[in-house]
Amino acid sequence: MRFDHMTSRLNRRRRGVALMIVMIVVAVATVLGFAMVSASSLQAETAGNMKYVSEAEYLADSGGQLALYYLQHTSASPVATPNGYYPGQTGVTFGGAVKGTADITVTYNSTTKLYTITSVGKATLASGSTINKTLTATAAQVTQFKQTAALSATNNLKLAGLLATTYGDVETNGTLTMPLLTTINGAAKYRAPSSILGLITGGSTVLQASDTVTVPALSSIKDYTGTYTYQGQTYTAQKLTNLNLASQTLPTASDALTNPAGIYWIDQNVNVNGGVTFNGTLIITNGTLKLTGLLPNTFTPKPGFPAMVIQSYIDVNGLTVANTINGLVWSGSGLKTGPIASFLTINGAYLSTASPPIDNNYKGTLTFRYDSTKCAIPDFSTTNATAVGVRVVTWTMS
């Protein structure tokens with residue numbers, strides 16, 4: 001009898017333990033189920049939020065791109081530009097199919113010469129709240145020196161020389177003198193006429209008191225004697241060691257490896273004595289250039305560089321010498337007289353701050369032929385620089 005009673009108690013205990021185990025298993029399963037449902041819900045919510053985060057980034061990026069466009073096309077700005085550039089705007093939309101807006105702010109630092117663009121993209125959730133992403137960018141204005149005339153001078157200009165001819169406009173901030181047999185195939189702009197006996201095919205304009213012909217001063221011209229950038233790489237200009245060039249080509253094969261644009265400079269007088277092919281740029285900081293010899297001399301710079309910057313004068317001297325310069329030429333002291341049999345042709349443009357820019361007694365043949373492609377020199381001078389675009393410096397999303 002006692003044995004049966006003990007057996008019964010043991011069975012009840014076993015049933016109780018089993019019930020507890022079942023209850024624990026059910027509880028654990030319930031918790032796991034809730035956890036899985038919660039995780040699934042959280043994952044879905046996170047995925048949904050990531051969608052709005054991406055939308056906010058796209059909106060912020062679009063706002064930044066829009067600001068860059070209006071910085072390059074100020075006249076197209078949909079809002080007033082009291083400081084001369086697009087200031088930004090709030091609540092910018094990007095069409096009916098695109099939800100959300102962007103708030104754009106643009107400021108300019110005159111010290112660093114950089115624009116700062118802040119664009120806040122705002123994506124609206126189903127709940128009505130927003131997710132914001134902010135683009136912060138800086139941009140620099142890209143300018144390019146603009147030369148539009150075949151010959152530009154700041155002082156009185158006499159188009160001297162035998163049969164002196166220009167193909168392109170001529171401009172001077174002083175008086176213009178044209179002897180017989182001289183021709184300007186283009187327009188002439190001057191402060192006052194002195195003696196116009198030659199032919200002007202494109203008409204004449206007398207400058208008003210408020211008008212000025214501006215030619216870059218030496219101080220505003222880029223210093224090409226240091227480093228320069230060519231085809232995306234940085235190189236160092238080379239000091240010219242031979243002061244008497246004749247029957248040779250520059251740069252040499254070895255020079256071209258370290259100085260591929262052929263930028264040569266010197267602070268002394270240089271004589272080019274015929275038969276010289278100069279495929280680069282010549283800079284003379286404290287001396288003159290003398291062109292002479294019986295064989296032709298030819299100067300052709302690489303695209304984006306001037307042909308010559310001569311601080312003093314260019315002396316065309318020598319019998320039957322033909323000199324051709326295919327590029328932009330700047331001279332601080334002008335062109336000196338040459339023999340009647342000397343020839344100088346500039347295919348590009350000639351600029352001078354000299355008085356006079358051409359020796360009044362110049363005897364040789366002069367030809368100036370304007371070529372805009374050879375005058376596209378982005379960083380030649382800050383004078384007469386025109387904005388041509390905007391370059392992005394930094395672009396950060398947060």
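This is a predicted model: local features need pLDDT of at least 70, side-chain atom pairs count only at pLDDT 80 or more; totals for chains, interfaces and linings use all residues.

Reader: How do strands in a sheet hold on to each other in general?

Author: They pair through backbone hydrogen bonds, parallel or antiparallel.

Reader: Now Asn-323. Why is it called buried?

Author: Its relative accessible area is 1%. Buried means under 20%, so Asn-323 qualifies. This residue sits in strand β27 (residues 322-325).

Reader: What makes Asn-323 and Asn-297 a polar contact?

Author: Their side chains come to 3.0 Å.

Reader: Which residues have the most contacts inside the largest nonpolar core?

Author: They are Leu-151, Leu-289, Met-308, Ile-314, Leu-335, Ile-358 and Phe-368. The core has 43 residues. Strand β30 (residues 343-352) gives the most to it, with three residues. Apart from this core lies another, of 22 residues, among them Val-213, Val-215, Ala-261 and Ala-349.

Reader: What does Phe-368 touch?

Author: Among its partners are Leu-151, Leu-335 and Ile-358, not counting residues up to four places away in sequence. Others include Ala-150, Thr-165 and Tyr-350.

Reader: Why would nonpolar side chains be found together?

Author: In soluble globular proteins, they tend to be buried together.

Reader: How many salt bridges are there?

Author: Five. Take Lys-122 and Asp-103, with N to O at 2.8 Å. The cut-off is 4 Å, so this pair passes. Lys-122 is in strand β2 (residues 114-124) and Asp-103 in strand β1 (residues 101-109), 19 residues apart.

Reader: Are Lys-122 and Asp-103 buried or partly exposed?

Author: One of each. Lys-122 is at 26%, which makes it partly exposed. Asp-103 has 17%. That is under 20%, so Asp-103 is buried.

Reader: What makes Lys-222 and Asp-379 a salt bridge?

Author: Their closest N and O atoms are 3.8 Å apart. That is within 4 Å, so the label holds. Lys-222 lies in the loop between β13 and β14, and Asp-379 in the loop between β31 and β32, so the bridge ties together parts 157 residues apart in sequence. Lys-222 is partly exposed at 27%. Asp-379 is partly exposed at 39%.

Reader: How do you know that Asp-267 and Lys-239 count too?

Author: Their closest N and O atoms are 4.0 Å apart, and the pair is one of the salt bridges. Asp-267 is in the loop between β19 and β20, Lys-239 in strand β16 (residues 238-239), 28 residues apart.

Reader: Why is Asp-267 called partly exposed?

Author: Its relative accessible area is 30%. Buried is under 20% and exposed is over 50%, so Asp-267 falls in between. Lys-239, at 40%, is partly exposed as well.

Conventions: Residues are numbered from 1 along each chain as its sequence is written. Side-chain values use heavy atoms; hydrogens and water are left out. Helices (H or I, at least four residues) and strands (E, at least two) are DSSP runs, numbered from the N terminus. Buried means under 20% relative accessible area, exposed over 50%, partly exposed in between (1.4 Å probe, protein chains only). A polar contact is a pair of N or O atoms within 3.5 Å; within protein, one must be able to donate a hydrogen and the other to accept it, and residues adjacent in sequence count only if both atoms are side-chain atoms. A nonpolar core is a set of buried Ala, Val, Leu, Ile, Met, Phe, Trp, Tyr and Cys residues joined through side-chain atoms within 4.5 Å. Contact means heavy atoms within 4.5 Å. A salt bridge is a side-chain nitrogen of Lys or Arg within 4 Å of a carboxyl oxygen of Asp or Glu.
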